[in-house]
Amino acid sequence: MGISVKEMLDAEFFKEYKILAGKDGLNNQIQGVAILDSEDGFHWSREKEFVISSGYIFMKNSNLFEEYINSKYFKGTACFGIKVGRFLKEIPENIIEQFNKHKIPLIDIPYKDSWMDIMNALNVTVMNKNINQFNIKEINSNKSLDLSYQVRKINKILNAVEYEMNFSAMLYDLSNNKAYYSSNKFKEVSKDLNIEDFWKPSFDYSKEILCKDIKMSRYRFYDSKYEAPFSWITVPITIDNKIKAYFVVIEATGLIDYFDQFSLRIGFLLIQELYEQIFVKQIMEDSQFKKFIENILNDNLKDKDSIINIANDLNISINDKFYTIVMNQSNEKVILSGLRETLKNCTRNAFGFEDYKMSVIEDNNCLLLIKENSGFSEKQNIKLLKEKLSNLKKRLELDIGNLELSFGISDIPDFIYETKKSYQRAEKAISIGKLLYPKEEFCSYSNLGAFAWMDIKDDEVNIMLRDISFLLEDEKYKEYIHTLKVYLECKMNFSLTAKNLYVHINTVRKRIEDITYLLKIDLEDPMNRLKLEILLKLFY
């Protein structure tokens, strides 16, 4: 977008520059500088240029000035500067009238200023304007992990880019597959393109490298529905040699000018800096959070006030409640702790910029704290939570593969200082839930019912199972097992059992008699009944 003539003249360097004509054009935009010191030089000038001249060519050819201002090249000029007194002692009145008529400022350039000084001063003025617009000084690394702050900062940078350049912009974050726009104009102009087309076009295109160091490229394609080639500029945001996002400025059928590149580069640098700050802070806070969780789970940190103080230091809300999830991976050939970056990216992809914390507890155990949404009901929270966990599971299986994942959910949200209790619930949801509900992807603590009070270990289950395993494994006893289960559910009522099984009551009596003989068990003993009910619940 450049800078207006007035903004240029207000800069300290240009204080001695005098306006001779065309004051109504002070809002004209300058997008470049051209030197006019050859008789045919104006044929190569472009619109919105600050044209400067010593006046020598006009002294040599007295008709050239009038020829220039009557040409098509003059009409789009932002302003015209000349060193009055060097070769032309004064500007003819008819020339001044033309500058006033076309609203093009005519400026007297001081004799002492070189062309290089003028161009440098103009560049510096434009850069200072852009810096002020982007408000660089407000970037605060201490806030960089405040996700709402991060989103606001991204939006502010994108808005500033569009304001300065008059071209809309987008940032696409790969870790959560989310796009941020400077305005709806971007989506309107690019409605025929897919998101990935901006860095990996799915059609024929040309590519121009604008800056090799930062991999800034202009993509362009031709389509009959556009009056000119359609183009955009893409710059990858790279951290630790990995692309984290793409910064895109859409030109459509126009092209950014020389000064627009300042805005584009400043926007890129600010976004790059923001991502670098986030990367460093995340490494530090991930480590601190891991230590925090380990100390809680190992009883090195039990005092409520101490937990609250450290949580505050880690920017974890002490007034909100969290759902605690334990994710277990049981394939010994895969070690999740060695895939932290992938794990982190998949989690962010599933949960976006929402409030969550994650820590790898053991090689294949992860703990997730998910903030409860107070605006949702308990049922809505759990439904949304399971949807996001399902997305996480799919993403992990896609990116890593050969995983055997199980999830335990402590679906009773609690404060951060109750993390150990919530963790134990989530672990129990996995250990018992996978026995009770082997087909369930996500086991919730509340679904365990009375089994949540029991500590059922695998080796103890095998001992209990020893007495009835032959019935469970032999197909010929299938009817016996089913009859026993229904009989116990019907509180040992023969009549009700027969009704539910659609058989004669004597059939039920005979089967129960056979079962007690085979198992050598007394069903009148409540402990024996409880043992059978548990085993049938777990394995039938």
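1. Thr-347 is buried, its relative accessible area being 1%. In this predicted model, Thr-347 belongs to helix H11, which covers residues 340-351. Beyond the neighbours within four places in sequence, the contacts of Thr-347 are Gly-352, Tyr-356, Met-358, Leu-368 and Leu-392.

2. A contrasting case is found at the surface. Val-124, Met-127 and Ile-131 make up a nonpolar patch there, and together they have about 210 Å² of accessible area. Val-124 is part of helix H6, residues 115-134. With a relative accessibility of 41%, Val-124 is classed as partly exposed, since that class lies between the limits of 20% for buried and 50% for exposed residues.

3. The packing of two helices deserves attention. Helix H17 (residues 494-501) packs with helix H18 (residues 505-519) at an angle of about 110°, and their axes are 8 Å apart. H17 and H18 are therefore roughly perpendicular to each other, because angles of 65 to 115 degrees are counted in that way. On the H17 side, the residues that take part are Phe-494, Ser-495, Thr-497, Ala-498 and Leu-501; these meet Ile-505, Val-508, Arg-509, Arg-511 and Ile-512 of H18.

4. Salt bridges number 23 in the structure. One of them joins the side chains of Asp-10 and Lys-6, with an N to O distance of 3.0 Å. Both residues lie in helix H1 (residues 5-10), where four residues, about one turn of the helix, separate Asp-10 from Lys-6. Asp-10 is partly exposed at a relative accessible area of 42%, and Lys-6 is likewise partly exposed at 42%.

5. Another salt bridge links two strands. Glu-208 pairs with Arg-218, and their closest N and O atoms are 3.2 Å apart. Glu-208 is in strand E10 (residues 206-211) and Arg-218 is in strand E11 (residues 216-221), so this pair ties together parts that are 10 residues apart in sequence.

Definitions and conventions: Residues numbered from 1 in each chain as written. Predicted model: local features only at pLDDT ≥ 70, side-chain atom pairs only at ≥ 80, totals over all residues. Heavy atoms only, no water. Patch = residues over 30% accessible without salt bridge, like charges linked within 9 Å, V, L, I, M, F, W, Y side chains within 5 Å. Areas by Shrake-Rupley, 256 points an atom, 1.4 Å probe, with all protein chains shown as cover. Salt bridge = Lys/Arg side-chain N within 4 Å of Asp/Glu carboxyl O. Buried < 20%, exposed > 50% of the residue type's maximum accessible area, 1.4 Å probe, protein only. Axes fitted to C-alpha atoms, helices over the stretch in contact; angles between N-to-C directions. Parallel < 35°, antiparallel > 145°, perpendicular 65-115°, else oblique. Contact = heavy atoms within 4.5 Å.
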